[in-house]
Amino acid sequence: MREVTPPGDRAARDDDDPGPVTDPPVVPLRELMRRFWPWVRPDVRWLPVSAVLLVLGAFGEVVSVWLFKDLIDDVLVPRHFADFWLLAALMLGASVAAALFTYGGTYTSTRTAERYMLRLRTDTLAHLHTLPPDTLETRWRGDLVARLTFDIAEIEQMVATGLVEGAVAAVSLLLFTGAAFYLSWPLTVAALLAAPLFVLSTSLFGRRIRRRERQVQRRAGGVTALLEESLRNATVTRTCGQESREVERVHREGKALLDAELSAARVADLYQPFLGVLQLLAGLTVVGVGALEVIHGQLSLGGLLAFAAFMAQLFEPAQQLAALVPLAGTACASGERVLELHDLTSPVRECPTARDTGPVQGRVTLQGVRAGYPGATGTPGPPVLTDLDLDLLPGETLALVGPSGSGKSTLAKLLVRFLDPQAGTVRLDGQDLRDLTLASLRQAVTLLPQQAPLFRATIADNIAYGRPDAPPAAIERAARNAGAHDFVTALPDGYRTVIGADGFQLSGGQSQRVAIARAFLRDTPVLVLDEPTTGLDPHTVEQFVPALRRLMTGRTTVLITHDRALLPLADRVLTLRPPDTAGPAAGPDSRPDASPVDALRGREPRKP
Ligand SMILES: Nc1ncnc2c1ncn2[C@@H]1O[C@H](COP(=O)(O)OP(=O)(O)OP(=O)(O)O)[C@@H](O)[C@H]1O
């Protein structure tokens with residue numbers, strides 16, 4: 001949803017290139033505070049502790065200023081030096097106590113804020129991990145990272161730090177005003193004449209800053225999104241000779257960010273000098289009225305100087321309160337971006353009465369399945385699969401073939417519930433997948449995606465990713481079964497060799513073997529292999545087949561492949577057709593020449 005922006009607001013105005021990231025829905029400040037408050041709750045008791053410590057610190061300052069007045073009136077004016085030592089010692093004591101209280105208050109407030117940020121970030125990521133991978137992959141990864149880092153830090157500034165600082169500044173303001181009032185009420189009234197102007201300017205500036213900050217955060221997300229994509233696709237960029245285009249793309253979004261930043265700065269940076277003028281106005285009024293009071297003997301010189309000191313002290317919390325205005329603007333814009341993530345819901349839900357699978361034999365049944373993807377508005381999109389019936393016995397291997405876009409990966413997603421059917425049922429050992437807990441289902445089914453994803457960790461840790469408690473002997477056994485042991489032991493650090501996040505130190509075939517070893521170690525009764533030989537040359541595939549055969553033995557396997565060399569591994573072959581070749585959606589191909597290995601059809605499945 002785009003906010004309506006006033007004419008003349010250059011950075012806020014939508015230009016020809018709105019950038020990759022769109023605005024999240026606008027959320028009122030109260031609603032933002034309500035939504036983000038639960039993460040403060042575990043440490044909520046520390047908020048009053050730090051507030052009390054900070055207020056005690058401010059009180060120490062008041063005492064110190066008061067003693068300063070006595071120093072002027074009782075030592076300096078009457079030239080009575082004997083009282084100096086006691087007053088000086090008391091002033092020093094008050095200042096040291098104030099410094100210690102302020103230190104304790106600041107530290108507890110920082111600790112609360114940092115812990116808040118950690119909780120919010122962890123829970124946001126945990127929420128993202130409840131969403132099907134497709135939901136995340138349709139968003140810009142860099143922008144997601146920006147929301148999980150920068151935006152959450154901005155929210156923390158407001159919700160945890162800002163609240164404490166705001167409360168303490170308000171209390172300090174009251175303390176200093178009370179002390180000033182006690183010294184001279186006419187002077188205090190004169191000083192407070194500027195207060196309505198403060199309040200008015202805060203409201204006017206606040207709204208404008210928030211509007212501009214929304215653009216800043218959106219553009220900042222756009223820059224990280226483009227940077228991430230640009231670096232991830234560096235190989236394609238170089239081979240296509242598009243380096244300058246990539247740099248230009250990021251530069252253009254960076255320029256839009258710069259414009260948005262400058263637009264925000266033009267308002268935010270005007271705010272503080274504007275307040276400075278108001279402060280000067282209040283100060284001059286105080287000096288004028290104070291001079292008259294001293295001349296008429298209604299105020300001592302010490303009193304006037306102490307009043308001036310209180311005024312100086314008063315400006316600090318006033319400035320802190322004022323600084324919360326741009327902070328709140330940024331935090332609101334960031335809050336909206338993080339809330340948008342929290343409001344993403346998974347189309348795949350675990351029902352409250354879901355039960356564990358229990359021991360799994362591995363019979364997989366699809367009955368009248370229709371499946372497709374939700375459209376932009378969340379309504380069901382056109383079906384990719386229709387009327388799909390399938391019955392796989394335990395230990396049976398089904399090769400799933402068909403042209404691109406015919407729905408093979410969609411079927412794989414149904415088996416691990418990354419997607420639910422629009423109609424019909426998918427069953428495991430006769431149990432509807434929707435009646436099972438997601439965790440137990442995924443304990444029973446291993447999905448090996450097309451690209452073997454590797455983590456920046458040791459080879460042993462990569463193999464043990466699905467079973468982190470696996471002993472080294474089990475890891476080695478899995479690697480031997482996957483045909484990975486020989487190349488792993490040839491590496492300088494063997495199983496302790498750290499590989500890059502995208503497996504850049506391993507060849508495609510080696511990465512696939514590590515992924516197969518991972519599947520061996522998980523040892524699930526059902527396997528879904530999505531084009532396991534993608535990118536491998538025929539010779540490597542030939543070497544790879546025995547490992548695949550070992551892995552599939554005794555497990556119900558759906559083997560998605562375009563590779564004819566793998567078809568002999570299957571007991572049956574199912575060919576899917578893309579929706580546009582025959583009616584609205586794909587289904588199992590019943591043509592007699594549908595499968596290149598029709599002879600395999602009807603063959604007895606291997607026993608588990
Ligand atoms: N997340 C998604 N959102 C919307 N449509 C999708 C999504 N994923 C796949 N599709 C669409 O569903 C159809 C089937 O895609 P699917 O990935 O299942 O095909 P496939 O047979 O596995 O293709 P390939 O052999 O190229 O991997 C395609 O038209 C594709 O555009």
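A: In this predicted model, helix 11 (residues 408-415) supplies the largest share of the shell around the ligand, namely 3 residues. Here helices (H or I, at least four residues) and strands (E, at least two) are DSSP runs, numbered from the N terminus. The residues that surround the ligand are Asp 134, Tyr 373, Val 384, Gly 402, Ser 404, Gly 405, Ser 406, Gly 407, Lys 408, Ser 409 and Thr 410. A residue is near a molecule if its C-beta atom, placed from the backbone, lies within 6 Å of it. Sorted by class, this shell holds 2 nonpolar, 7 polar and 2 charged residues. In this scheme Ala, Val, Leu, Ile, Met, Phe, Trp, Tyr, Cys and Pro are nonpolar, Asp, Glu, Lys and Arg are charged, and the others, Gly among them, are polar.

Residue numbers start from 1 along each chain, as its sequence is written. Because the model is predicted, local features need pLDDT of at least 70 and side-chain atom pairs count only at pLDDT 80 or more, while totals for chains, interfaces and linings use all residues.

Helix 11 also contains Leu 411. Leu 411 counts as buried because it has 28 C-beta neighbours inside 10 Å; the term buried requires 20 or more other C-beta atoms within 10 Å, exposed means 12 or fewer, and partly exposed lies in between. Between Leu 411 and Thr 224 there are 187 residues in sequence and 34 Å in space, from C-alpha to C-alpha.

Two strands are said to pair if DSSP finds at least two bridges between them. Strand 1 (residues 364-374) and strand 2 (residues 380-392) run antiparallel and are joined by 7 bridges, and Pro 374 stands opposite Pro 380 in strand 2. On strand 2 one also finds Asp 387, which has a positive phi of about 45° although it is not a glycine. Asp 387 is partly exposed, because it has 16 C-beta neighbours inside 10 Å.

Strand 1 also pairs with strand 4, in the antiparallel sense, over 5 bridges; here Thr 365 stands opposite Arg 427 in strand 4. Strand 4 is in turn joined to strand 5 by 2 bridges, again with an antiparallel run, and the bridge partner of Arg 427 in strand 5 is Asp 432. Strand 4 (residues 423-428) includes Thr 425. Thr 425 counts as partly exposed because 16 other C-beta atoms lie within 10 Å. Thr 425 and Tyr 271 are 154 residues apart in sequence, and their C-alpha atoms are 62 Å apart in space.

Another sheet is open and has 5 strands in the order 6-9-10-3-11, with parallel pairing. Its edges are strand 6 (445-448) and strand 11 (572-575); each has a single partner strand, so one side of each is left without a neighbour in the sheet. Within this sheet, strand 3 (residues 397-401) pairs with strand 10 (residues 556-560) in the parallel sense over 4 bridges. In that pair, Leu 398 stands opposite Val 558 in strand 10.

Helix 16 (residues 508-522) has 15 residues and should span 21 Å at 1.5 Å a residue; its end C-alpha atoms are 21 Å apart, which agrees. The expected span is 1.5 Å times one less than the number of residues. Helix 16 is mostly covered, with 14 of its 15 residues buried. Just after helix 16 comes Asp 523, with a positive phi of about 55°; Asp 523 is a residue other than glycine. Asp 523 lies in the loop between helix 16 and strand 9 (526-530). With 15 C-beta neighbours inside 10 Å, Asp 523 counts as partly exposed.
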